[in-house]
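Dear colleague,

I am handing over the structure we spoke about, together with some notes on what was found in it. Please look at it alongside the text below.

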Amino acid sequence: MKLYSYWRSSTSYRLRIALRLKDISFETVPVDLLAGGQNEDNYLSLNPSGGVPSLVLDDGAVLTQSMAMLEYLEAVYPTPSMIPSDPLDATMVRAAANIIACDIHPVNNLKIISALKGLGHSQGQTVTWINDWMLQGLQSYQAALPQGTMFSFGNTPTVADICLVPQLYNAHRWGTDLSSLTRLTEIEARCLALPAFASAHPDLQPDAK
Ligand SMILES: N[C@@H](CCC(=O)N[C@@H](CS)C(=O)NCC(=O)O)C(=O)O
């Protein structure tokens, strides 16, 4: 498998964690988002949305959209599981993951921030924008968690944690005030103690700068 990705991309980070958790070997193909690699014709032919990640399977099939890719990996490589088998539990996990994937990430994506700057907003204003959406979404995520679990849901990581840890990486990077979110930072520390999460960290990727 080839994972087209960018070291600091949180959606790419989700895929790296899942692939490592399931012990699936893959090759990293860097796409430099700051140099516009996502908008070059050869990349757009893989992923017409101009975003990373894209996953090219050994038979040449191209998968896009990180949440759909996580579902694919779970279906084809079910062990260890990252989505509970009980439909109600699975829905709770997916709902928390989607707070990050649908409510936080899209409004903070590079192309949105560039568009805000194009409309005349300053760097300071866009950082305030990023942090406002991040805090609001992460507070909702924390409120959605059951009490007393080691990870977001239960005692093993799920797709919710796989979305949470990359989002918290962004939160640290942009200086989001996490003082009201200690449950999340405790879960983050437990996740990062696991080799699959630790080895997926942006700083350890071949294209890290
Ligand atoms: N919903 C897509 C989003 C993909 C996406 O936009 N990824 C970001 C990086 S985290 C990106 O490539 N941004 C490029 C840009 O905004 O130009 C997914 O989950 O895969």
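Predicted model: local features only at pLDDT ≥ 70, side-chain atom pairs only at ≥ 80, totals over all residues.

The domain assignment divides the chain into domain 1 (2-80) and domain 2 (87-196), and the C-alpha centres of domain 1 and domain 2 are 19 Å apart. To the contact between them, domain 1 gives 12 residues and domain 2 gives 14 residues. On the side of domain 1 that touches domain 2, the elements that supply two or more residues are α1 and α3, and α1 accounts for the largest share, with 8 residues.

The ligand lies between the two domains, because domain 1 (2-80) and domain 2 (87-196) both give residues to the shell around it. Of the 14 residues around the ligand, those that come nearest are Ser9, Gly51, Ser66, Leu110 and Lys111. At least two residues of the shell are supplied by each of α1 (10-21), α3 (66-76) and α5 (110-118). The shell around the ligand is made up of 4 nonpolar, 9 polar and 1 charged residues.

Helix α1, which takes part both in the domain contact and in the ligand shell, may deserve a separate look. It has 12 residues, and the distance from its first C-alpha to its last is 16 Å, close to the 16 Å expected at 1.5 Å a residue. Because 11 of the 12 residues of α1 are buried, the helix is largely enclosed by the rest of the structure; among these buried residues are Arg14 and Arg16, as well as Leu15, Ile17 and Leu19. The buried residues of α1 pack against the strands β1 (2-5) and β3 (54-56), and also against the helices α3, α4 (87-108), α7 (159-174) and α9 (195-199). After α1 comes Asp23, whose phi is positive, near 55°.

Leaving aside its neighbours within four places in sequence, Ile113 is in contact with Asn108 and Thr126. Between Ile113 and Trp7, which are 106 residues apart along the chain, the C-alpha atoms are separated by 18 Å.

With best regards

Definitions and conventions
Residues numbered from 1 in each chain as written. Near = placed C-beta within 6 Å. Helix = DSSP H or I, 4+ residues; strand = E, 2+ residues; numbered from the N terminus. Nonpolar A, V, L, I, M, F, W, Y, C, P; charged D, E, K, R; others polar. Domains from an automatic or database assignment. Contact = placed C-beta atoms within 7 Å. Expected span 1.5 Å × (residues − 1). Buried ≥ 20, exposed ≤ 12 C-beta atoms within 10 Å, placed from the backbone.
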